[in-house]
Amino acid sequence: MAEMGSKGVTAGKIASNVQKKLTRAQEKVLQKLGKADETKDEQFEQCVQNFNKQLTEGTRLQKDLRTYLASVKAMHEASKKLNECLQEVYEPDWPGRDEANKIAENNDLLWLDYHQKLVDQALLTMDTYLGQFPDIKSRIAKRGRKLVDYDSARHHYESLQTAKKKDEAKIAKAEEELIKAQKVFEEMNVDLQEELPSLWNSRVGFYVNTFQSIAGLEENFHKEMSKLNESLNDVLVSLEKQHGSNTFTVKAQPSDNAPAKGNKSPSPPPDGSPAATPEIRVNHEPEPPSSATAGASLPKSPSQPAEASEVAGGTQPAAGAQEPGETAASEAASSSLPAVVVETFSATVNGTVEGGSGAGRLDLPPGFMFKVQAQHDYVATDTDELQLKAGDVVLVIPFQNPEEQDEGWLMGVKESDWNQHKELEKCRGVFPENFTERVQ
């Protein structure tokens, strides 16, 4: 009998639930069609919107925090592998081996501690915070169903009251159901009206505590890790002192040192060769005793090109025929034994070359100053630059506008291009001085 009663109650409850669902469905259809009014609460709807937003933000924060923890774990594994590599290559007879091993152990423990504290103080707190949302979300949905029940009971009661034939018994029963539905709805509504704003406001404190915990843990972690790194650096410095003669030096590649224009000093050539700057050479060869003769001339430096003494189809003027503007220093140099001959670059004056080999030469570009040879490859980075290969000879010419010349850059034309085209406009370009060396 007990089983029958129990089964009867269960069957009756199922039937009641089915009837409620049908009634609610009918009520929602009528409301959507505009044939029945719907109880609205704009303040509560705003609370529900805030609740959904808060749930979305919290879920995203939880996801990102788990990603952060996964990254910390990955960094821990990478750091551990790196330290294991150091332990393997650190030979037993090197100083500081025990200290290096101890540092590696402390490094591993520090990563483990950091990860665990992040789990305890951030992730678990995050899980607890989000754990309250499913229950509230369920109550919001239930409150919505009870509101439909209340509206349905209200409409049923109103329809009985407005009927032509009034049945007082049915009206009384409908009123009783209305009061009951209203009471259930209002109890749930009042509770949620209090909880939702409180939950919404609590997000500020939660975010502050969560990110303060993460920031504090990360700060302490990096402080401790910095101490370990300093200790490891001291160990390696000690090792370097013992084996200082075997220090490894990194040399830059030519392509990595291409100089940049724009009033910037060019980088040094890749192999550390001297830049193509004016050279001062001292010749200790004694001057011939015929220096007192009026037709004598200064001895040439061995590096001076043969044509440097030629001028437009003639020979260099004799010492006695020097221009009045020549300095007394030249006269002193020609009368002393041994003579000190100082080579300097030719200076361009009004588009011609004084003391150079380009004046009046038809096989050289106008304003030719001197020749240089590329010591390294240079890849041009702009349309106005020369592309150089090691060994290329460049004929240096002056800039048309001296103000356009940047420090460390020269204007010129490759000798091969000049011999082929004889046109400056097509061939000339700028190039870094320190990638070349003067040859004439």
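A salt bridge here is a side-chain nitrogen of Lys or Arg within 4 Å of a carboxyl oxygen of Asp or Glu. By that criterion, this predicted model holds 14 salt bridges. Here is a friendly tour of some of them, with a look at where the partners sit.

**Within helix α3**
- Asp113 and Lys117 join their side chains in a salt bridge, at 3.3 Å from N to O.
- Both residues belong to helix α3 (residues 97-131), where they lie four residues apart, about one turn of the helix.
- Asp113 is partly exposed, at 36% relative accessibility, and Lys117 is partly exposed too, with a relative accessible area of 35%.

**Within helix α4**
- Arg154 pairs with Glu158 in a salt bridge whose closest N and O atoms are 3.7 Å apart.
- Because Arg154 and Glu158 are four residues apart in helix α4 (residues 133-161), about one helical turn separates them.
- What about burial in this pair? Arg154 counts as buried, since its relative accessibility is 13% and the cut-off for buried is under 20%.

- Arg428 and Glu425 meet through their side chains in a salt bridge of 3.0 Å, N to O.
- Glu425 has 61% relative accessibility, so this residue counts as exposed; the exposed class begins over 50%.

**A linked group**
- Salt bridges also form a network, which links Asp135, Arg139 and Glu195.

**The general idea**
- Side chains of opposite charge can pair when their charged atoms come close.

Conventions:
Residues are numbered from 1 along each chain as its sequence is written. This is a predicted model: local features need pLDDT of at least 70, side-chain atom pairs count only at pLDDT 80 or more; totals for chains, interfaces and linings use all residues. Side-chain values use heavy atoms; hydrogens and water are left out. Helices (H or I, at least four residues) and strands (E, at least two) are DSSP runs, numbered from the N terminus. Buried means under 20% relative accessible area, exposed over 50%, partly exposed in between (1.4 Å probe, protein chains only).
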